[in-house]
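Hi everyone, thanks for making the time.

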Amino acid sequence: QVQLVESGGGLVQAGGSLRLSCAASGRTFSSVAMGWFRQAPGKEREFVAGINWSRGNTYYADSVKGRFTISGDNAKNTVYLQMNSLKPEDTAVYYCAAHTSTWQSIDYWGQGTQVAVSS
């Protein structure tokens with residue numbers, strides 16, 4: 001059984017930093033890319049950042065460019081999200097995700113970790 005387990009969420013003041021981690025496990029797990037989505041209360045889940053293993057390309061939502069950095073290790077099935085200069089609008093549940101084809105077809109989701117940014 002494949003599992004994605006996130007950690008590192010919490011409460012931080014505006015301007016602060018947090019680092020999220022995600023580790024995938026399971027004998028059958030494989031992915032083309034891993035990344036992060038988030039969902040704020042009353043809003044739809046949205047893409048935040050992703051990393052493509054084969055090319056090492058990284059992708060970011062416009063709202064987080066220059067503030068968030070995604071990194072990871074394909075061999076260890078881990079991905080990280082360094083979040084700097086956090087804003088109250090970054091408050092959301094952050095989900096780790098992995099796919100084997102496209103970002104529109106996510107194969108695996110984590111359970112989510114709460115990030116709260118106070119003003």
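One definition before we start: when I say polar contact, I mean a pair of N or O atoms within 3.5 Å, where, within protein, one must be able to donate a hydrogen and the other to accept it. Please also keep in mind that this is a predicted model.

With that in hand, look at Trp53, whose side chain makes a polar contact of 3.0 Å with the side chain of Ser31. Where do these two sit? Trp53 is in the loop between strand 5 and strand 6, while Ser31 belongs to the loop between strand 3 and strand 4. They are 22 residues apart along the chain, and their C-alpha atoms are separated by 8.1 Å.

Is Trp53 buried or exposed? Trp53 counts as buried because its relative accessibility is 14%, and the cut-off for buried is under 20%. Ser31 has 16% relative accessibility, so Ser31 counts as buried too.

Who else is around them? Leaving out residues up to four places away in sequence, Trp53 touches Ser31, Val32, Ala33, Met34, Gly72, Asp73, Asn74 and Thr78.

Now to the nonpolar core. The largest one has 29 residues, and those touching the most other members are Leu4, Met34, Trp36, Leu81, Met83 and Tyr94. Several strands each supply at least two residues of this core, among them strand 3, strand 4 and strand 5. Apart from it there is another core, of five residues, including Phe37 and Trp103.

Let's zoom in on Leu81. Not counting residues up to four places away in sequence, its contacts include Leu18, Trp36, Val48, Phe68, Ile70 and Tyr94.

Next, strand 7 and strand 8. They run antiparallel and are joined by six bridges, with Ser71 standing opposite Tyr80 in strand 8. The two strands form a hairpin with four residues between them, and Asn77 in the turn has a positive phi of about 55°.

My last stop is Thr113, which is found in strand 11. At 11% relative accessibility, Thr113 counts as buried. What does its side chain reach at 3.3 Å? The answer is the backbone nitrogen of Gly9. Setting aside neighbours within four places in sequence, Thr113 is also in contact with residues including Glu6, Leu20, Ala92, Val93 and Tyr94.

That's my tour, and I'm happy to take questions.

Methods
Residues numbered from 1 in each chain as written. Predicted model: local features only at pLDDT ≥ 70, side-chain atom pairs only at ≥ 80, totals over all residues. Heavy atoms only, no water. Core = buried A, V, L, I, M, F, W, Y, C linked by side-chain atoms within 4.5 Å. Buried < 20%, exposed > 50% of the residue type's maximum accessible area, 1.4 Å probe, protein only. Contact = heavy atoms within 4.5 Å. Pairing = 2+ DSSP bridges.
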